[in-house]
Amino acid sequence: MDIEEFRVRGKEMVDYICEFMSNIHNRRVTPDIGPGYLRPLLPSGPPNDPESWDEIMKDVESKIMPGITHWQHPRFHAYFPAGNSFPSILGDMLSDAIGCIGFSWAASPACTELETIVCDWFGKAIGLPTDFLYFSEGSKGGGVIQGSASECILVCMLAARAQAIARLKESPAHAHLDETALLGKLMAYCSRESHSSVEKDAMICFVKLRILEPDEKSVLRGETLRQAIESDTAEGYVPFFVSTTLGTTACCSFDNLREIGPVCKKYPGIWLHVDAAYAGNAFICPELKYLMNGVEYADSFNTNTNKFLLTNFDCSCLWVRDRFKLTSALVVDPLYLQHTHADTAIDYRHWSIALSRRFRSLKLWFVMRSYGISGLQAYIRNHVKLAKRFEALVRKDSRFEVCNDVVLGLVCFRAKGSDKLNQKLLSTINDSGKIHMIPARVNQRYTIRFALSAPHATARDVDTAWSIITDYLSELLELNDVMDELADIREKKRKATLEQRRSFFVRMVSDPAIQPGFTKTPNRTGAKLDTQATIGGIGSNTHSGTKSWISWPLAYLMQAKEAADTSELSLSPGYSGIMNIDEFRVRGKEMIEYICDYIRTLDGKRVTANVDPGYLRPQLPKEAPFKPESWDAIMMDVDGKIMPGITHWQHPRFHAYFPSGNSFPSILGDLLSDAIGCIGFSWAASPACTELETIVLDWYAKAINLPTEFLSEQKVGGGVIQGSASECILVTMLAARTQVIKKLKEQEPNKEDSAFLPRLVAYCSTESHSCVEKAAMISLVKLRVLEPDDKAALRGKRLELAIKEDVENGLVPFYVSATLGTTGSCAFDNLVEIGPVCKLYPNIWLHVDGAYAGNAFICPEMRPFMDGIEHADSFNTNPNKWLLVNFDCSCLWVRNRVKLTSALVVDPLYLQHARSGESIDYRHWGIPLSRRFRALKLWFVMRSYGISGLQKYIRNHIRLAKRFEAHMKKDKRFEILNDVRVGLVCFRLKESEEMNQELLANINASGRLHMIPARVMGKYILRFCVTKEDATEDDIDYALSVIEEHATEVMLAHYEGTEDEYRAKGPKSPNALDKKLVRKFSFTRSVTRDVYKRSISKSSLHDGATPIMVVDDNSQVDPIDDDRFCNSR
């Protein structure tokens, strides 16, 4: 798809989205399909040849849409709002087209700076203390956009853990102990009403979590916390983390921060986190700010604009009072902290699990400016008003009762009577497909949650929903006697399993699969109720249909009524946002034109931004606008203020890092995914979202020739899309940790789990990505970093010797991370040798990271580089690097899915469901609960290009890299430092490191070309990577001419002959860059050898962002107080 076709197809997609949203009320809210519906409808493998866009879109409507749960439907009242608005969709569209990866300020300045600014805007709008604002005078705090509330809580818990361990080690009584020996003392706290992610995060952090009982209003009180802390400290435990909630998932209750805060302050080691994922957005309304009273005691606070602020997933805002406490727990090498403390720019890669980041702040900026604070307040007040309307309807009907304080957009209610009656009622309603709700347990009673979710919800929507609810209750009461006997069977099963296993700690909202149900075939003539009771979907089923995850489907009893009344009620226009469908149709097509023009004119722009840190703040207001701003004004600022700060990763002269996946079909996939706006954390949440991911991962596994054990169709292994390779490595290391501790516990059952951690050791090469070290730091395990051979490849013998030595010393090897295509030089570890070594030790999990090069294995001639993959337990590769798919799309396959999920599932009851093979719930495969519909863009790319088209793209990059290599070899001034097998060439001048550093600095300062350095086998080198999708020989030849020109300049500047000889040699050299500029433009942080030796980490792992250059004296050391990026060139 070229620019001209994208221009046409993009506008068609805008029209499709407009029609979809205009007529969404005519669709069923939930799909009428069973698990596995999609696989028979799609081929078993990807197409070899490209398919027409018309065919792809035809399949979207006929095969994908029937499996979508419509979260933006006016009758969708489940879970919570899934943020969705036209300005947000346009923001994501533009972000995808720019395609930058903003892991550091230098990687794309505007990406970092806009995030810092909009987080301050939003923090001010909701009334956070100034300590949380980055630009507040004297503040050490700041905000960051994470992928989910789960990640927000995890990184804060990790920071609190690091602080607690550091304090303990300062005391003489604990100074001699290993960090892991202190873990058993740490205690975290949350309420029974807290989100299940708190429990998952505690499991990842390997700390104890005490779950406290709330009061009768589901509120955690200070006295309850005080008693628990006093009891635990008396037992020798160390309280270190308290997670409170403002707006709980089940019933939107608010923990009492005014009581909890002072309790935490009595124990200075406690980190108080406030999770306001849903309700926090409402604090932009002055009349609702009282709900956050006591927030001044907090150390961190998060809220999800992708829930209740019209911003598409993923956009979870986290603020911390002390950013250095956060980053110190997540920075692998403390040398980087010197740059962080310089305070001239934020590098957000140190604020989260993943290194790479999308330009997410753009959509939040668009939303805040398009709606203005007043428009967002109107949206929230409309939801609150409609919830009050529904509450009044419930209270007027004597058959019902309200079960929560209705403060925001959530009403918990139930029919007066038994839990059985309410379970029947909810299942009946949901099976009808007319509206959709989910259950919760409030004060130990089964309740039904009615959430206002649709962006443009109206009073008529509420009245219609209530009419459906009351009609079904009336019919159900008449049929009640028929079902009593079966209900008793189900109740006995429920008590014998779920209640006993889970006690009071039940997650029905976040994790609906734990709600017991019956197997049935929904809404089909002749369907009968299966008398085999099931728990969480487990049980026999003689029918081919689906399993209801909320008990007692009665749809078959309602068939006569449904046959007579299948039409949807028409919708009346309600509260309209600033941009309606008609304007979106215009602005969406304008954005398509803008993107086409941007990409068409890229080669005329500077590759890198010519700005200093802090360039953007003076150009933008200090606060979000109160009134909506025109779209024209916003786009004028995009052009005049944002674009000058963009590093253009899609530029034909951009040769840094790796390719940043970007293609027109991928952009269209993300565009449609945003419009659908579903959150696919479980199969039930949106079946097509889960099933397409499962299928397309099988397609891709076959395309790169992975062993069949990795395919989900084999029912044991399977694939999943993670956000980044960092997450892939972390979750597999956690899985390996869980497995080995389980085995060690069999030998020493009385030992506490954390007591085994000091013995665990993982392995990787010095050439591995730094995320391996970060994963080991999070997992609190030892990491042995091994020297590779002279080709930068890790060899089996070296690994075997290290393992033997560790075993002899009483350590337990449990994880090996091998790399196919290292970050520095694209070297390939020797799996043929490494695999058998790992097999000698049954506790070892062998992971293979093929983030970049793994995509090349779709070419048969490249597959010898993955020889030995049959020994691996897991493998990842990033289509968002080298398969034309926009970030974030990192594919992970595991040989045994249960081993992965057992490390990430809070409740082991789910493992039975995972084994049932009915469906996959991907929330158990990663850190976050919620997930975007990322499979859609990968499916679009694979079908649009076909395997042959993707092979052609990769072969072209390899051919061009070989061309660059051949030319460099002819120039005697240069040497090649790597085996050029894919699209990366590592080269350097045959001169000093300082001259190579100066060469790179001069090239980057010119803005004509962009590269980064690396250290390969101890040498400072320049990396030349072919990145552009349709790169040509002319692009390579231009890059060569620029490099040769600057090489001549640098060498002349260092020439020591006479002036006449100097002039005779060539053109006059430009003024030399001073040493600080050289370090800036060559992305190098100098550090003296003595500081380097004192540093905690000397592993030299690469993150591709800032290599360390060791110097012999202090003359070249970067000053901490003045580290500004200068644009004097």
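Helices (H or I, at least four residues) and strands (E, at least two) are DSSP runs here, numbered from the N terminus. Welcome to a predicted model, in which local features need pLDDT of at least 70, side-chain atom pairs count only at pLDDT 80 or more, and totals for chains, interfaces and linings use all residues. Residues are numbered from 1 along each chain as its sequence is written, and side-chain values use heavy atoms, with hydrogens and water left out.

**Loops and backbone**

- Asp314 sits in the loop between helix H10 (305-308) and strand S7 (316-320), and the peptide bond joining Phe313 to Asp314 is cis, with omega about 10°.
- Another cis peptide bond runs from Phe887 to Asp888, with omega near 10°; Asp888 belongs to the loop between helix H25 (879-882) and S20.
- Most residues other than glycine have a negative phi, and most peptide bonds are trans.
- Gln444, in the loop between strand S10 (438-442) and strand S11 (445-451), has a positive phi near 65°.
- Leu780 also has a positive phi, of about 60°, and is found in the loop between helix H22 (771-779) and S16.
- Gln444 is partly exposed because its relative accessible area is 38%, while Leu780 is buried, at 9% (buried means under 20% relative accessible area, exposed over 50%, partly exposed in between, with a 1.4 Å probe and protein chains only).

**The chain overall**

- The chain holds 33 helices and 26 strands, and buried residues make up 67% of its 1129 residues.
- Among contacts (heavy atoms within 4.5 Å) between residues at least 6 apart in sequence, 78% join residues at least 24 apart.

**Ile56 and helix packing**

- Ile56 lies in helix H2 (residues 53-64) and is buried, with a relative accessible area of 0%.
- Leaving out residues up to four places away in sequence, Ile56 touches Glu51, Trp939, Phe940, Arg943 and Ser944.
- Trp939 is 883 residues from Ile56 in sequence, yet their C-alpha atoms are 9.3 Å apart in space.
- Helix H19 (residues 664-676) packs against helix H28 (residues 935-970) at an angle of about 145°, with axes 8 Å apart (axes are lines fitted to C-alpha atoms, for helices over the stretch in contact, and angles run from 0 to 180 degrees between N-to-C directions).
- The residues of this contact of H19 with H28 divide into 7 nonpolar, 4 polar and 2 charged (Ala, Val, Leu, Ile, Met, Phe, Trp, Tyr, Cys and Pro count as nonpolar, Asp, Glu, Lys and Arg as charged, and the others, Gly among them, as polar).

**Strands**

- An open sheet of 7 strands runs in the order S14-S20-S19-S18-S17-S15-S16, with mixed pairing (two strands pair if DSSP finds at least two bridges between them).
- Its edge strands, S14 (718-722) and S16 (782-786), each pair on one side only.
- Strand S19 (residues 874-877) and strand S20 (residues 890-894) are antiparallel and joined by 4 bridges, with Thr877 partnering Cys891.
- In strand S22 (residues 984-989), 6 of 6 residues are buried: Leu984, Cys986 and Arg988 point one way, and Val985, Phe987 and Leu989 the other.
- S22 runs antiparallel to strand S24 (residues 1019-1025), with 4 bridges between them, and Cys986 stands opposite Arg1023.
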